[in-house]
Amino acid sequence: LAGATVSAIMQTRRLQEHTRDIVDDMLGSVQLIGELDASVERRRILVDDHIFATNRGEMLGLEGDIATLNAKIAEIIRAYDRWAVLPGERALWQRAQADLRELDPPIRRALAASRDNHDIEARRIMEEVTEPFARLDRDLDDLIAINNRGAGEDLTRFSMIRLRLTMTLIAIGLVALAGTVIIAVWASRQVGRLEDELHRVARLLEERNRELDAFAGRV
């Protein structure tokens with residue numbers, strides 16, 4: 001009984017740790033996807049700013065910011081890759097990466113055209129990638145939805161396990177209580193039997209004493 005109680009308690013603690021891990025994983029993955037989405041959109045805005053810029057120094061500054069964002073996007077991709085383990089998530093994540101790679105050449109061409117002050121050509125190039133940007137945005141939204149759904153399913157499953165463990169602990173407690181009551185009843189009966197035996201012995205002693213007293217009186 002004690003072993004079963006300890007086992008149930010240990011399982012409950014492990015379950016609590018798993019629940020925390022699920023929440024942390026979900027928050028971590030969703031945060032990475034959010035950062036990726038924001039970085040991609042920020043890079044798009046910087047490219048538009050580059051097209052509108054006329055000063056060479058301003059263009060160089062924007063290109064530096066874009067290069068920094070490119071490095072951040074690559075870092076996020078590496079960091080998120082280990083999170084893509086839920087059903088359907090790996091395929092969707094690979095498609096999102098393909099969308100990202102598809103955007104890189106047009107962005108480079110747009111920046112080159114803008115650098116040569118071919119702004120109309122640069123705007124045309126960016127307009128042509130409107131659909132890839134929208135597709136990437138949908139893929140990232142779907143990734144967030146998958147993570148939310150997966151975390152919800154895991155939490156539901158662990159809630160059921162936790163409920164069963166709780167019922168097990170309650171059952172163990174009830175069994176222990178029942179055992180205690182049985183032992184207490186048994187002990188009470190044993191004490192009662194001992195008291196009855198003591199009373200019987202006391203009565204016998206009392207009778208023997210009276211017999212001895214009577215014998216002594218006759219003597």
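So, surface first: the chain exposes about 14,100 Å², with carbon and sulfur atoms supplying 59% of that. Those areas come from the Shrake-Rupley method with a 1.4 Å probe, and for residues only the protein chains shown count as cover. Keep in mind that this is a predicted model: local features need pLDDT of at least 70, side-chain atom pairs count only at pLDDT 80 or more, and totals for chains, interfaces and linings use all residues. Residues are numbered from 1 along each chain as its sequence is written, and side-chain values use heavy atoms, leaving out hydrogens and water.

Okay, the fold. We've got five helices and zero strands, so reading along the sequence gives α-α-α-α-α, where helices are DSSP runs of H or I with at least four residues and strands are E runs of at least two, numbered from the N terminus. Of the 219 residues, 28% count as buried, meaning under 20% relative accessible area with a 1.4 Å probe, protein chains only. Now contacts, that is, heavy atoms within 4.5 Å: among those with a separation of 6 or more, 78% come from residues 24 or more positions apart.

Now to one residue, Arg43, which sits in helix α1, residues 2-52. Is Arg43 buried or exposed? Buried, because its relative accessibility is 3%.

And what does its side chain meet? There's a polar contact with the side chain of Asn70 at 2.8 Å, and another with the Asp104 side chain at 3.3 Å. By polar contact I mean N or O atoms within 3.5 Å; within protein, one must be able to donate a hydrogen and the other to accept it, and residues adjacent in sequence count only if both atoms are side-chain atoms. Leaving out residues up to four places away in sequence, Arg43 also touches others, including Ile66, Leu69, Ile73 and Leu100.

Technical notes:
Buried < 20%, exposed > 50% of the residue type's maximum accessible area, 1.4 Å probe, protein only.
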